[in-house]
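Please open the structure in your viewer and keep the selection tool at hand.

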Amino acid sequence: MDLFSRSWTALRTAVDGLSEQDWERPSGCTGWLVRDLVCHLVIDAQDVLITLVTPAETEPTVDSVTYWNLVEPPTGEDPLDALIPRLAAAYGEPRWLKFHFDDVGSAAGRAAELADPGVRVSTRDEVLTVGDYLSAYVVEWTLHHLDLIAHLPSAAEPPAETLAAARASLEKIAGAPIPALFSDKDALLVGTGRRVPTDAEKAALGELAERIPLVLG
């Protein structure tokens, strides 16, 4: 629960610090500008709010790791992916998108703080505890924080503890540790296909290099 709040607060702070020019810069998500990514984060925050008020009575079917599915790398042609830039553009000035993000984002943060981690909720036709759901979103927030600042070298990075937690989750999804020569940030960037590994990194990955990138969906 604490890591969810830290990762979400850090991401919201990074969005708050964007200059007017930053909104039009590319993000780390294929085909999306920074403004498109923030529009996606609005939808993510809405999903958090919806899930936290969708109780389930049955036993959990997934946890914070098995919540994630491995999918094909995005091409920008998926209907929802293609919709996001149109939605972002519809806001016109960045300040209106920022206002909506602040509004929904703060509500999602408060809802998470008030939620009982042991309660079971339903999302994506699966059941899991609130604690596992919010833990899964530490990965989402941390990766998207890296996406947000991909072309903003002076922007603050995600907190060290959330980078470490996201890496640990990715290693569980991979079923193998990522070599220690990778920093937590590089493990996430390379492991999820956001950066191509160097020859030395590929050699260090060994057999794991054949299974990367791990694209989460």
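Begin by selecting Trp68, which counts as buried because its relative accessible area is 11%, under the 20% limit for that class. The model on the screen is a predicted one.

A pair of aromatic rings is described by the distance of the centres and the angle of the planes. For Tyr67 and Trp68, the centres are 5.0 Å apart and the planes stand at 85°, an edge-to-face arrangement.

Next, select Tyr133 and Tyr137. Their rings form a tilted aromatic pair, with 5.1 Å from centre to centre and 55° between the planes. Why are Tyr133 and Tyr137 separated by about one helical turn? The reason is that they are four residues apart in helix 5, which covers residues 130–148. Are Tyr133 and Tyr137 buried or exposed? Both are buried.

Now widen the view to the cluster that ring pairs build. Select Phe4, Trp8, Tyr67, Trp68, Phe101, Tyr133, Tyr137 and Trp141, which are linked in this way. The count of aromatic pairs comes to seven.

From Tyr137, proceed to Asp44. Which residues is Asp44 in contact with, leaving aside its neighbours within four places in sequence? They are Tyr137, Glu140, Trp141 and His144. Tyr137 and Trp141 also belong to the ring cluster. Asp44 itself is part of helix 2, residues 34–52. Although Asp44 is buried, it has no salt bridge.

Move on to helix 3, residues 79–90, and select Leu80 within it.

Remain in helix 3 and select Asp81. Asp81 counts as partly exposed because its relative accessibility is 23%, and that class lies between 20% and 50%. Not counting residues up to four places away in sequence, Asp81 touches Trp32 and Pro74.

How far apart are Asp81 and Ala45 in sequence and in space? They are separated by 36 residues in sequence, and their C-alpha atoms are 17 Å apart.

Methods. Residues are numbered from 1 along each chain as its sequence is written. This is a predicted model: local features need pLDDT of at least 70, side-chain atom pairs count only at pLDDT 80 or more; totals for chains, interfaces and linings use all residues. Side-chain values use heavy atoms; hydrogens and water are left out. Helices (H or I, at least four residues) and strands (E, at least two) are DSSP runs, numbered from the N terminus. Buried means under 20% relative accessible area, exposed over 50%, partly exposed in between (1.4 Å probe, protein chains only). Lys and Arg count as positive and Asp and Glu as negative; His and the chain ends are not counted. A salt bridge is a side-chain nitrogen of Lys or Arg within 4 Å of a carboxyl oxygen of Asp or Glu. Contact means heavy atoms within 4.5 Å. Rings of Phe, Tyr and Trp (its six-membered ring) pair if their centres lie within 6.5 Å; planes under 30 degrees apart count as stacked, over 60 as edge-to-face and the rest as tilted.
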